[in-house]
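Have the sequence and the model side by side as you read.

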Amino acid sequence: MDDEDDEELQRALADDIISASEDEGGSDDERKHCKLLEAISSLGGKKRKKLTERSEASIQVSEFTVNAEGEGDKIHLSDLIGTLDKTPSALIKTKKQLKNLQHNQSTLETPLTRKETEKIQREVAFEKTSKEVSRWQSVVLQNQKAEQLVFPLNQEPSGPKRIEQVVAGWKAQTPLEQEIFSLLRMNKQPLHDPVLTPTEEASLRAMSLEEAKIRRAELQKTRVLQSYYEAKAKRGKRIKSKKYHRIQKKVMRKEYLKQFDEMVKTDPAAALEELKKMELSRMKERMSLKHQNSGKWAKSKAIMAKYDDGARKAMQKQLEVNKDLTQKLVIPADEDEEDEEESAETLPDFVNDVEPILDQVNPWMRGKLSTEPMMEESNRLHPPVWPREVGKPGEGRDDQEEDEEQMEETEEESLLRGFEERRKLRQTEDVKVSDDEEAGLSNFTSLFHGLVNHMEPPADQPKAGPGLGQGESPALLEEGLVRVRTLEDVELLSQDISASDTALLTTRDLGTEETDTQSATQQADKKRKKMIDPNEVLTKEAKVIEMPLAPTAVEDVEDKEEQRVIIKEAFAGDDVISDFLKDKRKQEEAGRPKVIDLTLPGWGEWGGLGLQPSRSKRKRFRVKVAPPPPRQDQKLPNIIIAEKRDSSIAAHQVCQLPFPFENPIQFERTIRSPVGRTWNTQNTVQKITAPKVVTQLGAIIEPIAREDLIKDIRQAVTGPSINLESDQGPQKKRRSQQKKKKAS
Amino acid sequence: RRDSSGTSRSNWKINTMIMKTNNSIYLCRQSFFPSRNSFFSLIFSIFFFLMESLVCASFIHIHAMKVKVLSRNPDDYVRETKLDIQRVPRNYDPSLHPFEVPREYTRALNATKLERVFAKPFLASLDGHRDGVNCMAKHPKSLSTMLSGSCDGEVVWNLTKRECVRTLQAHEGFVRGMVVRFCGTSFFTVGDDKTIKQWKMETPGYGEEEEPLNTILGKSVFTSIDHHQKEGVFVTCGQQVDIWDEQRSSPIRSFSWGVDSFSCVRFNPVETELLASCASDRSIVLYDMREATPLKKVIMNMRSNTLCWNPMEAYNFTCSNEDYNLYTYDMRYLDKPFTVHMDHVSAVLDVDYSPTGKEFVSASFDKTIRIFPKDSGHSREVYHTKRMQHVISIKWSSDNKYILSASDEMNIRLWKANASEKLGLLAPREKAAVNYSQKLKEKFQHHPQIRRISRHRHLPKSIYSQSKELRVMKEARRRKERNVRKHSKPGSMPVVTEKEKHVVTVVK
């Protein structure tokens with residue numbers, strides 16, 4: 001029913017539109033419109049739409065007052081499924097699911113309340129932002145640790161700029177100039193004087209300063225290792241013991257075997273290659289006929305063989321080796337193990353083949369820049385012109401040579417590693433190791449590690465600054481009511497402190513002594529009655545010593561007696577106590593002021609040999625000094641307190657170890673090293689006294705920008721990856737290529 | 001030597017010889033003084049005095065005594081200009097320069113004394129407002145321009161000339177906040193009349209009216225405003241935190257989280273999408289402009305008045321609190337402040353970081369300004385004058401050299417950030433000397449005399465007594481707590497650190 005109605009309606013509408021477009025007159029319009037309305041009303045007489053009234057503004061209102069059908073009605077799921085029926089196969093699946101849902105009786109969980117959802121949202125958002133912010137950690141720590149920060153950050157490098165930066169639109173005008181410039185341009189030469197060549201720029205771009213430093217450190221290390229190894233090898237060579245060399249060879253062989261085994265497992269192709277090489281060496285050996293009797297050594301042995309058993313054995317061995325070598329291998333894979341023994345002489349080559357450590361990525365390790373191939377091409381293109389800056393055509397070959405050198409270095413390193421391992425083994429056997437070189441090496445490696453660590457990003461967790469332990473850190477300022485305006489005030493200030501210090505000290509002392517004072521006062525009266533005679537007090541002790549001792553355990557009394565006698569005899573001359581007293585008296589004497597005699601003989605009197613100035617005169621010119629304050633140890637019989645100690649100096653001395661220092665020695669060292677120009681050269685002084693924060697006069701310091709962070713991160717990614725043993729694969733290939741070249 | 005003007009060759013010779021002997025006198029004296037044989041040196045100097053008249057004889061004597069003399073002719077070195085100092089080759093042999101520690105110590109002592117003597121931080125006072133100055137704004141592109149808003153209108157200042165450049169009546173009632181756009185061509189103000197106004201930075205031409213570029217009428221009073229570092233977006237706070245686009249008249253986003261009034265809102269200058277605000281329910285709320293909801297909230301014991309982000313460390317900010325302290329937080333770990341900065345004796349009203357991010361300055365109701373190192377619990381400097389009243393607003397200039405404080409008594413004061421610093425261009429030698437003395441002070445900072453002198457500050461009596469009182473109170477409180485702990489069951493009274501004490505909760 002519905003379908004038919006719809007079709008009719010559409011037809012009528014279409015008629016209407018056509019007719020409306022056909023006659024423009026408009027006289028029929030009304031008639032037709034009525035007709036249309038009639039047609040419409042006749043269509044579905046029963047369910048004619050009511051014109052809904054609208055009372056408030058809403059989005060869904062159309063100007064024709066046409067409402068969507070069933071707008072106010074409730075929509076059931078079944079209705080939707082009904083429309084789905086018509087649509088073809090694709091939706092069948094969802095329809096099924098919906099039906100299933102309809103049958104499903106279990107209720108859905110109520111959604112979380114708004115509060116809770118918001119909480120979750122907040123938490124997620126916070127996580128996200130805090131992670132984002134944490135990217136700054138490394139930068140912040142780096143800035144904190146930095147010895148000097150120059151603000152504003154990211155300043156342009158000072159100094160003269162390049163001409164091309166300053167002069168933008170300069171052109172070669174005269175034909176001569178043009179010719180010259182075209183020539184220069186053809187050869188990729190700098191057109192303006194200070195500008196770098198493209199290759200140089202490329203190399204600059206390829207590596208930042210830090211990277212360059214790291215690489216230099218690497219190279220240094222390898223050089224040190226090399227020299228170390230060389231020295232070691234020399235030493236090894238000088239050892240005459242045959243046994244030693246034999247063992248050495250054996251060890252080498254074993255190691256090689258092990259490596260070969262590994263290689264068979266991991267990289268059969270390479271192993272096969274290796275085998276081929278071995279075969280090749282065997283063939284060479286065979287051709288050279290080294291192991292027959294023709295050699296110098298063999299001849300000498302032959303002579304000796306008649307008399308010497310050892311020589312004979314050696315000869316036999318030689319012959320055996322010869323036999324082995326000259327025998328052709330049937331199944332090389334099985335017999336290579338034996339073969340290796342023979343190849344011991346040529347062992348270094350093989351060993352070195354196994355572990356070449358060259359970094360494909362690292363241009364320094366290759367001895368070439370990464371842009372080198374391009375360079376060479378360009379060389380080929382323009383061979384004749386080679387002025388000052390670019391390397392000469394021979395450089396390519398040089399590079400190769402360098403390359404080989406590098407290779408050797410790495411070979412040596414690999415060997416060295418073997419040595420190191422064995423050395424560790426040997427250390428357990430208490431074999432003497434050359435200390436100096438080792439120390440130097442370890443020094444170097446530690447330094448190297450330090451450098452690397454310095455490059456590495458710092459730890460993640462922020463350290464809570466020294467701040468407050470319990471919020472009780474000492475105040476930085478001492479605030480008072482005294483105003484300091486002049487130098488005199490400052491002087492007074494420093495005097496004050498000594499006074500206040502002593503006051504503090506005394507109060508502190510009072511605090512500690514409080515407990516003692518009471519007991520002390522009780523006895524004080526007795527003490528005051530008579531001066532203590534130190535002699536009496538001290539000699540009492542001496543008496544005690546002389547008292548016969550009650551033996552704590554049953555022992556030979558006679559023996560003890562004897563002992564005592566011996567001691568007595570030995571220290572017969574020593575009277576410690578009286579010595580001490582004498583000392584004390586001497587100190588007192590020294591402290592007592594001396595009478596100053598200012599009499600000048602012969603002044604106002606007769607002078608000459610044997611004539612003394614008169615007594616009255618002597619009396620007159622003798623100056624008596626006021627007695628010093630009583631000595632501190634006056635009433636302490638068995639103590640000497642030095643009066644010479646200058647308390648005025650104490651005010652200037654540090655009494656407690658300040659915070660960042662761990663021991664007094666450390667602190668003293670920092671104090672002892674002078675900073676000034678009197679003791680250091682100009683450059684050192686400048687370096688030492690460089691301020692921590694440098695700002696430029698009149699320059700606005702912007703907050704740190706996000707670009708810095710990105711730059712920093714990039715540096716961290718590309719920067720320090722110093723693993724000498726990384727990336728062996730491509731190396732090997734290169735090596736094999738070289739071999740091939742040699743072979744061809 | 002009297003006839004040294006003589007040009008004859010012989011005269012010249014004699015002159016040089018005398019000069020050489022003088023050199024030797026000097027050296028000999030030096031070498032003999034340490035031996036403290038005063039008699040001998042006396043004889044010696046007399047001897048050399050005589051020698052001046054008998055040049056040749058003295059030479060013979062010197063050789064006879066085998067005194068080795070280094071004489072250097074200044075003519076050996078060619079100076080670039082005649083104003084240059086004669087080059088003196090030095091021997092750095094440590095045995096020749098003994099007593100290095102005592103000598104450096106005295107130098108350090110003198111340097112600290114001089115520092116205190118030259119510590120005159122106050123530079124100028126900008127007066128002209130007719131009501132208390134409520135807020136200030138730095139110009140992002142010009143060091144010499146500064147804006148200040150008072151309780152009745154506002155003023156633009158030129159700092160180098162120390163004069164008012166332009167006055168305009170921006171709002172009726174208080175100017176609550178002002179901020180300059182990142183490009184420096186215009187600025188925004190909010191006031192008690194519920195409006196946000198944007199103004200041109202340039203003064204209007206002759207005959208033109210002083211009119212705002214834009215005016216936005218809000219529903220409630222705005223208390224603070226801040227502008228984004230790079231985009232045309234600004235944020236205001238009042239009853240809620242609103243984020244506005246410059247082109248629109250309604251906020252593009254508003255955040256509220258159970259609080260009805262905010263006192264301060266600030267954009268993070270580094271991670272430019274982050275915000276933080278201080279609310280009246282004693283909380284600090286963090287926002288991300290890109291998110292629909294706020295991030296986190298920390299509630300403290302007392303209300304925070306303002307906060308400031310560290311311009312060099314993206315995640316650290318410091319807030320000034322009503323409880324006399326400032327708190328530095330790491331925004332990732334809000335459960336306890338990174339550092340508690342104490343020293344003020346009244347509510348702290350404003351805080352601003354130095355552009356280097358190493359220090360910050362705080363303004364307090366106790367009529368002082370204090371400078372704190374960012375990770376130290378106590379201030380390194382306190383500024384005050386007799387006439388300065390409650391300091392309401394403070395700014396650290398963006399060249400790290402000056403501090404501006406706005407106070408209740410209608411004045412803006414200009415201070416040096418480093419009290420004893422010599423302003424202006426320094427000669428290289430001067431600079432080297434400053435660096436050296438700085439280094440010396442640092443080296444000997446733990447020595448009692450030096451410490452005492454460098455730390456001494458004058459305080460007005462009221463503040464001094466108040467701080468003393470506070471100290472006593474704190475000590476008493478601590479003692480009581482200790483006693484209570486002593487007499488209660490072990491473990492029942494946990495030790496709460498100073499940092500933890502001030503935080504109530506962290507709301508997620």
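Why does Arg282(B) count as partly exposed? Arg282(B) counts as partly exposed because its relative accessibility is 34%, which lies between the 20% and 50% limits. Please keep in mind that this is a predicted model.

**Backbone features**

Most residues other than glycine have a negative phi, and most peptide bonds are trans. Arg282(B) is not a glycine, yet its phi is positive. Lys367(B), likewise not a glycine, has a positive phi too. The table sets out where to find them.

| Residue | Phi | Loop in chain B |
|---|---|---|
| Lys367(B) | about 70 degrees | between β23 (359-364) and β24 (369-373) |

Lys367(B) is partly exposed, as its relative accessible area is 32%.

In chain A, the peptide bond to look for runs from Phe151(A) to Pro152(A): it is cis, with omega near -5 degrees. Pro152(A) belongs to the loop that connects β1 (149-151) with α7 (163-166) of chain A.

Another proline of interest is Pro703(A), placed in the loop between β5 (693-695) and α29 (706-718) of chain A. With a relative accessibility of 22%, Pro703(A) counts as partly exposed. Which residues does Pro703(A) contact, leaving aside its neighbours within four places in sequence? They are Gln229(B), Pro269(B), Pro311(B) and Met312(B).

**Rings and charges**

Over all chains, 13 aromatic pairs are counted. In chain B, ring pairs join Phe188(B), Phe222(B), Phe234(B) and Trp244(B) into a cluster. Charged side chains also meet rings here. Lys297(B) lies over the face of Trp257(B), 4.8 Å from the ring centre. Likewise, the charged end of Arg332(B) is over the ring of Tyr315(B), at 3.9 Å from its centre.

**Chain B as a whole**

Finally, step back to the whole of chain B. Its secondary structure consists of eight helices and 30 strands. Of its 508 residues, 49% count as buried. Among the contacts in chain B between residues at least 6 apart in sequence, 49% connect residues at least 24 apart. The accessible surface of chain B is about 25400 Å², with 53% of it belonging to carbon and sulfur atoms.

Notes
Residues are numbered from 1 along each chain as its sequence is written. Chains are lettered from A and ligands numbered from 1 in the order in which they are written. This is a predicted model: local features need pLDDT of at least 70, side-chain atom pairs count only at pLDDT 80 or more; totals for chains, interfaces and linings use all residues. Side-chain values use heavy atoms; hydrogens and water are left out. Helices (H or I, at least four residues) and strands (E, at least two) are DSSP runs, numbered from the N terminus. Buried means under 20% relative accessible area, exposed over 50%, partly exposed in between (1.4 Å probe, protein chains only). Contact means heavy atoms within 4.5 Å. Rings of Phe, Tyr and Trp (its six-membered ring) pair if their centres lie within 6.5 Å; planes under 30 degrees apart count as stacked, over 60 as edge-to-face and the rest as tilted. A charge sits over a ring if NZ of Lys or CZ of Arg is within 6 Å of the ring centre and within 35 degrees of the ring normal. Accessible areas come from the Shrake-Rupley method with a 1.4 Å probe; for residues, only the protein chains shown count as cover.
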